[in-house]
Amino acid sequence: MLCPPRRVAMLAVLMTMLPLAACSSGANAGKSDPGTLTIFAPQDAGVDCKTNAFTKLVSEKFKVNLQFQTTTYDAGPASEKRQISLASGDYPDVYLLVSWVDQFSQAELLKFAKQGIIVPLNDLIAKYAPNIQKAFNDTPAFKTMATAPDGKIYGLPQWNDCFHCSYSAKLWMNSAWLKKLGLKQPATTEDLRAVLTAFKTKDPNGNGKADEIPLSGDTAETLLSYFMNAFLYDPQTGEAYPSTLALNNGQVQLQASQDKWRAGLKYIASLYADGLIDEGSFTQNYDALKAKGDHADAVIVGAATTQNVGNLLTLGQKDGRDKNYDAVPPLKGPDGTGYAAYNLPSMPGASFVITNKASEQEQITAIKMMDYLFTDEGHVLGEFGTQGVNWDKPASGDVALDKDLTPLFKTLPADPDNPAPTRNKSWGALTQYNSNKAFRGAQVQPTDIYDTRGVERRLFQATELYAGKEAKDQIYPYWNVWIGADVAAEHATLRTNIENYVAQSGLEFVTGRKNVNDDAAWAAYLKGLDDLGLKRYLEIEQKAYQK
C-alpha cells in the first residue's frame, strides 16, 4: 500500500515532543546485553507485545529479551511514528512491519542504507538463515523483489501468494435478485446496464419500496478498475495500487491518458447519470459499504465491486443473504475487450530490516528469529497462535484449500461467548513472510463455499473466473522496478500528484462535475497531466524499468 504524504512540518515539531510508546520501558535498555532485541512493530487491537504467547515462545527459543516500540495498524499514525523514530535517531534494532500498514519503500531502503542506518542482510542470510535461502531458491521472484540493483538485500518484504488478492477488482452480484427477475449474470457492459436498471426499477427485494441500490463500492477498491477493463487494461485496485501504469510494446504508458480510458469513463458516467451507481461508492469506506449490505430492514444492495464478499456484508447472517452473492467474471466491452486487473499480491520494499543499532550478536539473533518464521512451525504458531486453541492438526476427511495438497493445519473458531482464551496468542500479520502457494493452499477449508469458515475457498473459486484474463504483455512489473535514489524524491512527488489528479478527475467525470463528452474538458484534463510532469514521470519509470 502506498504511504500517505508526510506532514513534514508537523513531524519537525513532534520529534521534539513525542517519545515512542513501548511495550516495555527503556527502548534502548540492554544495549550492552546481546540477549536483548528492541523491535519497532505495529500492534493490532487485542494484542499486547509484552505478554503475547508467541513473544514468550520466541524469547525462550532464542534466549532473547524482546522489547517493543509499538504503533497501531492505522497507516497514517504508523507512518508518522516510524518517521519520527528514524529522524530522532532513537530507532530500534529491528523494524518488523506489515506491508499494508507502513513498510519501507524501495526508495527508503536505498536512502537509509546509504546513510548506514540499515544494514545489508546478504551475509547474515548466507550464514544463519537456511530457511530464507530455501524460500529464495523455491521462489526466485521473491529473491528478485528483495534484491536492490546493487545486489544487496537491505530488508525482506512479505511474500504472499494470496490468489484472490492478485485479482482484487471483482464484482459481486446478488444471484437471488437475478433469479427472481428472471435474469442471467451479465456478460457485457450493456448486459450490466440492463441488470442494474432492473434492480433499480423492479423491486427485487419485494418490500414495495424503491430502496434498492443497484451498484455500490468503496474507496479502498475503486469500481473504476473492474469496469475500465472492459475498455482497456487497467491494473489499479484502489488504495492498494492506485497507479494505471502499463506497458505498450515495452514502453511505459499511463492508461489514464488514453482514448479508451475516456470511453470507459463515458460508460461509467452514463450508469451514474441513470442512478444505477451509489453516490457513496466514491466516498465511503469498508464499514459504510458493509452497513448497507447489512441493512436491517431489507436487502438493498444488488452488486458491489470489492475483492472480498466479506467487505460487502457480514457473513453467516440468519437470513442467509450473504450466500446470495456470487462473483461476476470480467465483462466484455463494445469491442470485445474483457480483461481482469492483475497485481502481485506481495508489496515491494521491506517490512523487516535490521539497523546499525543492533550489535553483531543482536543481528544474528534477529535473522535467526526471522528464519524461524520461514518454517511451517514458526509460521503457523506466529500467524495463528497456540495449537489446540487457535489451530490444530488436520483430522481424517479434512480437505486442503488446494485439493491436490496434503492438509497442514486448520484454524479453530473462538467461542463467541468466551473469546478471551484465544486472544493474544500470535503476532498475526507480522509473521506472513513465507505465505507461498504451498502454505496457503495446505490450510484446511470446508468444501461448502458458503460455510462462513470456508470463505477462503469461496474467494479462491471466485478468483478462478478472473485468473488468466489479465493482459500479460501489458503488465508493468512495478514490484521489480527500483527508482534510483537520485530521483526518488522527484519521482515520489510526480507519482503522488499524478495519481491524485487521475483519481479526482475520474470522480469528476463520472459524477458529471466535468463533462466527459466535452472535447474541451477532456483536452483540459490531458493538459493537466502534462502540467503535472507526466512526460518526466514516464521517463523516470522507463529508465528504471529498462534496468
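In the predicted model, the axes of helix H13 (residues 259-273) and helix H21 (residues 519-531) come within 12 Å and cross at roughly 125°, where axes are lines fitted to C-alpha atoms, for helices over the stretch in contact, and angles run from 0 to 180 degrees between N-to-C directions. Helices (H or I, at least four residues) and strands (E, at least two) are DSSP runs, numbered from the N terminus. H13 and H21 are therefore oblique to each other; angles under 35 degrees count as roughly parallel, over 145 as roughly antiparallel, 65 to 115 as roughly perpendicular and the rest as oblique. On the side of H13, the residues Trp261, Arg262 and Leu265 meet Asp519, Trp522 and Tyr525 in H21, contact being defined as heavy atoms within 4.5 Å. By class, the contact of H13 with H21 has four nonpolar, no polar and two charged residues, given that Ala, Val, Leu, Ile, Met, Phe, Trp, Tyr, Cys and Pro count as nonpolar, Asp, Glu, Lys and Arg as charged, and the others, Gly among them, as polar.

H13 also packs with helix H20 (residues 488-511), at an angle of about 45° and with the axes 7 Å apart, which makes H13 oblique to H20. This contact is made by Trp261, Leu265, Ile268, Ala269 and Tyr272 of H13 and by Val502, Gly506, Phe509, Val510 and Thr511 of H20, and its residues comprise eight nonpolar, two polar and no charged ones. With helix H11 (residues 189-201), H13 packs at an angle of about 10°, the axes being 11 Å apart, and H11 and H13 are therefore roughly parallel to each other. Thr189, Glu190, Leu192, Arg193 and Leu196 of H11 here touch Tyr267, Ser270 and Leu271 of H13, a set that divides into four nonpolar, two polar and two charged residues.

The largest nonpolar core has 133 residues, and those with the most contacts inside it are Leu156, Trp261 and Phe352. A nonpolar core is a set of buried Ala, Val, Leu, Ile, Met, Phe, Trp, Tyr and Cys residues joined through side-chain atoms within 4.5 Å, and buried means under 20% relative accessible area, exposed over 50%, partly exposed in between (1.4 Å probe, protein chains only).

Just after H5, Gly116 takes a positive phi of about 85°.

Asn436 lies in the loop between strand S13 (434-435) and helix H18 (437-441), and at 18% relative accessibility Asn436 counts as buried. Residues up to four places away in sequence being set aside, Asn436 touches Trp159 and Asp161. Cys165, in turn, is placed in helix H9 (residues 163-166) and, leaving aside neighbours within four places in sequence, is in contact with Gln307, Asn343 and Pro345.

Residues are numbered from 1 along each chain as its sequence is written, and side-chain values use heavy atoms, with hydrogens and water left out. Because this is a predicted model, local features need pLDDT of at least 70 and side-chain atom pairs count only at pLDDT 80 or more, while totals for chains, interfaces and linings use all residues.
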